[in-house]
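This report covers one protein chain. It moves from strand pairing to a single residue and then to the chain as a whole.

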Amino acid sequence: QVQLVESGGGLVQPGGSLRLSCAASGSIFSINAMGWYRQAPGKQRELVAGITSGGSTNYADSVKGRFSISRDNAKNTVYLQMNSLKPEDTAVYYCNADDARPWGMKNYWGQGTQVTVSS
């Protein structure tokens, strides 16, 4: 099993910044794609940003230019730098990772970290 542990959430004023971290640990074979999703109350979970093991990234249109995803492959850790935060960014943010096993890919989720943007 692989565990994903997120950190860095909290309360921030509009226009502020936060940096989320997610570290994978446990019986890891090879972490491939990693990403961040979010879910606001009453809404579906949505992709915020993703990054491949090679460093290719993709972002939701709503966060392009404000958020930046990066990773440290040696530490199996993914980061999400969030700048110019807006109230509509308020959500529970979840880390996601694919572990490439000899018999196939297995997907994992973190427990989530709350981000609240409010004055």
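## Pairing of β9 and β10

Two strands count as paired if DSSP finds at least two bridges between them. Strand β9 and strand β10 (residues 104-109) are joined by six bridges. The two run antiparallel. This is a predicted model.

A hairpin of two residues links β9 to β10. Within the pair, N96 faces W109 in β10, the two standing opposite each other.

## D99 in strand β9

Strand β9 covers residues 91-101, and D99 is found in this strand. Is D99 buried or exposed? The relative accessible area of D99 is 0%. Buried means under 20%, so D99 is buried.

The side chain of D99 makes a polar contact: the backbone nitrogen of F29 lies 3.1 Å away. Leaving out residues up to four places away in sequence, D99 touches a set that includes S27, I28, F29, S30 and I31. V2 is also among the residues that D99 touches.

## The four-stranded sheet

Which strands form the open sheet, and in what order? Four strands do, in the order β1-β3-β8-β7, with antiparallel pairing. The edges are β1 (2-7) and β7 (67-72). Each has a single partner strand, so one side of each is left without a neighbour in the sheet. From one strand to the next, the twist averages 15°.

Inside this order, β3 (residues 18-26) pairs with β8 (residues 77-82). Six bridges hold the antiparallel pairing. R19 stands opposite Q81 in β8. In a regular strand, side chains alternate between the two faces of the sheet.

## The chain as a whole

The chain has eleven strands and zero helices. Its radius of gyration is 14 Å. The globule rule gives 14 Å for 119 residues, so the chain is as compact as a globular protein of that length. The C-alpha trace spans about 50 × 25 × 25 Å along its principal axes.

Of the 119 residues, 40% are buried. D99 is a buried residue too. The accessible surface of the chain comes to about 6100 Å². Carbon and sulfur atoms account for 47% of that surface.

Notes: Residues numbered from 1 in each chain as written. Predicted model: local features only at pLDDT ≥ 70, side-chain atom pairs only at ≥ 80, totals over all residues. Heavy atoms only, no water. Buried < 20%, exposed > 50% of the residue type's maximum accessible area, 1.4 Å probe, protein only. Polar contact = N/O pair within 3.5 Å; in protein donor to acceptor, adjacent residues only side chain to side chain. Contact = heavy atoms within 4.5 Å. Axes fitted to C-alpha atoms, helices over the stretch in contact; angles between N-to-C directions. Rg over C-alpha atoms; globule rule 2.2 N^0.38 Å. Areas by Shrake-Rupley, 256 points an atom, 1.4 Å probe, with all protein chains shown as cover.
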